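Here is a short tour of one protein model, written for someone who likes to know the cut-offs behind each word. Have your viewer open and follow along.

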Amino acid sequence: MSGSHFEINATTGAVYYFGHKVSLSPMEKLLLNALLSHQDVILSREQLLGLIWRDRPMATTSAVAKTLSRLRQKLMTRKRPDPIALFSGQGYALAQFSVGARGASPAKWRAKASCSRPPRSCSDA
């Protein structure tokens, strides 16, 4: 699977961002996969909770926030931009960078706040 300057080796599960291997926990990988699977869609903490922690009823949106924070810290460096955009009051999405752009702004977004079902069942998510 690839997208947004990410490469995920299907055999080993290794994650590469801008060609650099990044060591992620299983939950961080699930979160990244959820964002990659819903590109150009803003996902709320509640939606991410439902996608990733659905088998853990005691999990809260705080777990989402902490995992997002750790994931962003591992991915972002001075040479690699933050790949996860925060949309205040709405949620998170992967930033879409144009080829060769450093620190570019996200290119395109669709908010799915009006969709009351989980993102995977929304018509165009």
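## Terms and model

Two strands are said to pair if DSSP finds at least two bridges between them. Helices (H or I, at least four residues) and strands (E, at least two) are DSSP runs, numbered from the N terminus.

This is a predicted model, in which local features need pLDDT of at least 70, side-chain atom pairs count only at pLDDT 80 or more, and totals for chains, interfaces and linings use all residues. Residues are numbered from 1 along each chain as its sequence is written, and side-chain values use heavy atoms, with hydrogens and water left out.

## Overall layout

The protein has three helices and eight strands, arranged along the sequence as β-β-β-β-α-β-α-α-β-β-β. Of its 125 residues, 42% are buried (under 20% relative accessible area; exposed is over 50%, partly exposed in between; 1.4 Å probe, protein chains only).

## The β6–β7 hairpin

Strand β6 (residues 84-87) pairs with β7 in the antiparallel sense over four bridges; in one of them, Ala85 has Ala93 of β7 as its partner. Three residues separate the strands of this hairpin, and Gly89 in the turn has a positive phi of about 80°.

Both faces of β7 are covered, with Gly91 and Ala93 buried on one side and Tyr92 and Leu94 on the other.

## Around α2

The buried residues of α2 are Gln47, Leu48, Leu49, Leu51 and Ile52. Their cover includes α1 (26-37), β5, α3 (61-75) and β7 (91-94).

Ser44 sits in the loop between β5 (41-42) and α2 (45-52), and counts as buried because its relative accessibility is 15%. Beyond its neighbours within four places in sequence, Ser44 is in contact (heavy atoms within 4.5 Å) with Gln90 and Gly91.
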